[in-house]
Amino acid sequence: VDAKGVEKADGALKDLEKSAKSATRQTKKLTAAEKQAAKATQKLAKDTANLKRTVAGLASTYLGMAAAAKAVAIASDFGEAAATVKAITQATDKASTAYIELEAQARKLGATTRFSATQAAEAQVALLRSGLAANEVLEASAHVLNLATVAQIDLARAAEITAITLKQFGLDASQAERVADVFSVTSNTAATTVEQLAEGMKFAAPVASKFGLTLEDTTSALAVLSNSGLQASLAGTGLKGVIAALANPTGKAAVTLQQLAQSAGLTADAFDINKRPLEEIFVNFKKAEAGGKDMLNIFGLLKAPAALTLSNAADEIGEFGETLEDVTGSAQDAADTINDALKGDILSLVSALEELVLTVNETVGPSLRDLIQFMTEVARVLSATDEEAERFSTAANLAATALKAMAAAGAIFVAVKIVT
């Protein structure tokens with residue numbers, strides 16, 4: 001091997017050594033980078049865990065605050081409803097203690113039904129304001145709950161409907177179950193809702209009851225009208241107009257009625273609402289084959305559609321009336337069926353939990369009220385003049401002074417920070 005060959009080999013060897021050293025340096029750098037990445041990953045995992053704990057803590061705090069706020073709202077809402085009941089029962093008798101029994105009933109209904117104690121108390125308010133005495137409210141409340149459940153309406157609205165219907169037909173509170181049962185069955189078997197039926201009653205019941213029609217009689221007629229498309233106020237005004245026209249027919253109406261009676265071989269009072277049931281009168285119209293012209297002569301343009309509907313469905317009035325004669329317990333049965341579902345379970349759970357809140361509030365409520373009243377007094381001192389502040393307690397003035405001092409100190413601290 002010549003000298004040049006040796007020189008080349010030596011150079012190649014040196015290059016190889018340089019490459020090896022460079023590879024070693026790169027390996028060390030890579031190892032260092034891996035260690036740094038591992039440390040960063042560990043730090044990230046630690047920071048993530050800390051963040052999770054922080055978020056969980058904040059969430060827990062928020063949920064706790066939200067739960068506390070909800071509990072205070074439940075207690076305050078029921079307190080106001082119960083206080084309203086007390087105010088109404090003592091409006092004419094300052095010594096009355098009826099509100100105590102009513103509050104106990106509201107609490108019991110809240111603990112055992114899908115409705116809260118606050119909703120039960122609001123229903124009591126509606127019943128009381130409709131003219132029912134406290135003892136009548138105690139008797140009617142449970143049936144109002146059934147009606148509200150069946151009709152899927154607000155409890156206070158169900159109470160209003162019940163109380164008004166009792167008054168319309170001169171019934172006492174012991175008949176509240178009857179009202180709930182009749183409305184429940186009718187809304188489930190005719191083309192009308194409880195709200196529509198109540199709207200119809202608003203117009204028809206005052207007149208119908210004066211001519212001896214019972215709750216069931218009037219409801220049957222409204223149901224028949226509803227099945228033919230005359231619902232709510234249309235049914236109510238139609239029935240009212242028909243009864244009024246039959247009560248004192250004159251002129252053309254009286255002549256037409258006489259002619260119909262004679263043609264069908266009926267007695268002279270066959271169409272007299274003062275002497276005959278509504279159902280029988282319209283059966284007689286059907287026997288006499290009264291036509292559209294006859295109905296227009298008797299009832300006029302506006303009332304004739306209702307009269308023709310009742311005449312054409314005369315047999316249905318009686319059949320529906322028979323259905324309503326034996327419906328005792330129907331509202332309770334329907335309500336039980338509706339409640340026997342997941343939603344009913346959930347609503348019952350919520351009501352039971354609200355009763356738990358009210359039970360706890362019996363212990364902490366007075367202290368909470370004292371605290372809130374004191375805070376209110378302090379706030380009023382802060383916004384009052386020096387002379388006005390003298391009207392408030394010494395404690396409230398001292399607290400207000402302390403707050404002012406803290407605010408002043410805080411302002412000085414901020415100012416110093418800004419300057420420095």
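**Exercise 1.** At what angle do α4 and helix α6 (residues 176-189) pack, and how far apart are their axes?

*Solution.* Keep in mind that this is a predicted model.
Step 1: two packed helices are described by the angle between their axes and the distance between the axes.
Step 2: for α4 and α6, the angle is about 10° and the axes lie 8 Å apart.
Step 3: angles under 35 degrees count as roughly parallel, so α4 is roughly parallel to α6.
Step 4: look at the residues in contact. A140, H143, L147 and V150 come from α4, while α6 supplies A176, E177, A180, F183, S184, S187 and N188.

**Exercise 2.** Now try the pair α2 and α3: at roughly what angle do their axes cross?

*Solution.* Step 1: the axes of α2 (residues 98-112) and α3 (residues 117-129) cross at roughly 135° and come within 7 Å. That makes α2 oblique to α3.
Step 1: the crossing of this pair is right-handed.
Step 2: on the α2 side, the contact is made by L102, Q105, A106, R107, L109 and G110; on the α3 side, by A117, A120, A121, Q124 and L128.
Step 3: by class, there are seven nonpolar, three polar and one charged residues in the contact of α2 with α3.

**Exercise 3.** Which residues lie closest to the centre of the second largest pocket?

*Solution.* Step 1: start with the volume of this pocket, about 250 Å³.
Step 1: of its 14 lining residues, T113, L145, N146, Q332 and N339 are the closest to the centre.
Step 2: α2, α4 (134-151) and α14 (330-339) are the elements that each give two or more residues to the lining.
Step 3: the lining divides into five nonpolar, six polar and three charged residues.

Terms used: Residues are numbered from 1 along each chain as its sequence is written. This is a predicted model: local features need pLDDT of at least 70, side-chain atom pairs count only at pLDDT 80 or more; totals for chains, interfaces and linings use all residues. Side-chain values use heavy atoms; hydrogens and water are left out. Axes are lines fitted to C-alpha atoms, for helices over the stretch in contact, and angles run from 0 to 180 degrees between N-to-C directions. Helices (H or I, at least four residues) and strands (E, at least two) are DSSP runs, numbered from the N terminus. Angles under 35 degrees count as roughly parallel, over 145 as roughly antiparallel, 65 to 115 as roughly perpendicular and the rest as oblique. A crossing is left-handed if the near helix is turned anticlockwise from the far one by less than a right angle, and right-handed if clockwise. Contact means heavy atoms within 4.5 Å. Ala, Val, Leu, Ile, Met, Phe, Trp, Tyr, Cys and Pro count as nonpolar, Asp, Glu, Lys and Arg as charged, and the others, Gly among them, as polar. On a 1 Å grid over the protein atoms alone, a cavity is a set of points where a 1.4 Å probe fits but cannot get out, and a pocket is an open set with protein on both sides within 12 Å along at least five of seven lines; lining residues have an atom within 4 Å of a point. Grid points are joined across faces, edges and corners, and a volume is the space filled by probe spheres set on the points.
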